[in-house]
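Some questions and answers follow on strands, helices and charged side chains. Have the sequence and the structure open while reading.

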Amino acid sequence: MKIKSIPEEHYPQYRMNVMFDGYKWDLQAGEQSTISDKVLLFEPNEISSLIKDAVALYNETIAMECALQKNPGLVLETGISQEMTYALCNCKPKAHIRFMRFDFHPTTDGWRISEVNSDVPAGYPEASILPELAQVYFPGYGKCGCFGEVFAKKVSQIFPKSCIIAYLHDTHTVEDYQILHYLGDLLETFGYNSMYASPENIKWQNNKALDIGGIIRYFPVEWMEFTKGVDWLSFVNSETPSCNHPIALLTQSKRLPLVWDRLGVDVATWKKLLPETKCASTLTDHNGWILKPAFGRVGEGINIPGTMSSQEENEIRKAAHENPTQWVAQKMFESVPLDGLHVNVGMFVTDGEFSGCYARVSSSPKIDEDASEIPILVRGA
């Protein structure tokens, strides 16, 4: 595995292609450009190992989800509210597509994962279009999977033909819209119609979304529960085909490892790849441990040493101390940078099938919203 750069003379054209063909309209994350000139190159045996582990992790996660639905007491321990726990443990999901993204990191102890994005993972264009735009500059290398192709196939199998698909997101951000617009444009080529909306815009009757044939949600379940005007219970009991169903929240919590030994399922791959995790309330010595919010996203609220001020560090420790059921402590791994960049490889699995990958890179070991997304190419693919 190695990081290479798009040839300098071709980068301006590549950047334009990514902007207009790769759905990167939001060009800046603070001072950081969202369009990098970097590409992550893999050998076939390297990526095949990650694919094998990602599929195994998916299957184990689904097994934990099924077991959790029968154990509401354990669900509560993961930090999910009583109302949502009751709803999820008593729902019977209809036809829906299920996909997850597992985040892998190269460390001094081999590959490790930091989490699963079980509910609303990002990176759809990055795992679909970016490799196609970059591979022309790297002869002998090609894309590995294509999230969009696999996803479109799954949609066509369960969503009614030519129906209106509602793409639900936070309508205040360009970033969310551009991610979903990629799927909308793609699925329109299959005869579907698109509606971009916030969850509160969906109206329900007898657990069916009115005038909507399918739902693709890029809006976290835990946000829906506390967003004014959202009929979140109808989403849970929906008979309208969807992706992902809110049942995904059961395995989204970073506190999942605290209960898995009581679920009666085999999670050997998870235990092999995830660093030791414990409840924040049991942490007596912070040395060598980091704190994570149970439902944090894109690296928010994680106190990796050297990546934040002492004030921010103290605020995180205080929050974890005051509300430990919403936090976990995780043994810190040592990320191994490539050419000065720390790497997070996101591996998508859709309905049990590997469906694509991309990477995020940062000069800091904390890979958060300021990281750059880059394509992955594989020799001989």
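Q: How many bridges join strand E4 to strand E21?
A: This is a predicted model, in which local features need pLDDT of at least 70 and side-chain atom pairs count only at pLDDT 80 or more, while totals for chains, interfaces and linings use all residues. Residues are numbered from 1 along each chain as its sequence is written, and side-chain values use heavy atoms, with hydrogens and water left out. Strands (E, at least two residues) and helices (H or I, at least four) are DSSP runs numbered from the N terminus, and two strands pair if DSSP finds at least two bridges between them. E4 (residues 38–42) and E21 (residues 376–379) run parallel, and the number of bridges joining them is 3.

Q: Which residue in E21 is the bridge partner of leucine 40?
A: Strands of a sheet pair through backbone hydrogen bonds, either parallel or antiparallel. For leucine 40, the bridge partner in E21 is isoleucine 376.

Q: What is the order of the strands in the open sheet of 4 strands?
A: The edge strands are E1 (2–5) and E8 (141–143), and each of them pairs on one side only. The pairing in the sheet is mixed, and the order is E1-E4-E21-E8.

Q: At about what angle to E4 does H2 run?
A: Axes are lines fitted to C-alpha atoms, for helices over the stretch in contact (heavy atoms within 4.5 Å). Angles run from 0 to 180 degrees between N-to-C directions. H2 lies across E4 and E21, and its angle to E4 is about 90°.

Q: Which side chain meets lysine 272 in a salt bridge?
A: A salt bridge is a side-chain nitrogen of Lys or Arg within 4 Å of a carboxyl oxygen of Asp or Glu. For lysine 272, the N to O distance is 3.2 Å and the partner is aspartate 53.

Q: Is aspartate 53 buried or exposed?
A: Buried means under 20% relative accessible area, exposed over 50%, and partly exposed in between (1.4 Å probe, protein chains only). Lysine 272, at 48%, is partly exposed. Aspartate 53 has a relative accessible area of 12%, so aspartate 53 is buried.

Q: How many salt bridges does a search of the whole structure find?
A: Side chains of opposite charge can pair when their charged atoms come close. One of the pairs is lysine 154 with glutamate 353, at 3.5 Å from N to O. The search of the whole structure gives a total of 17.
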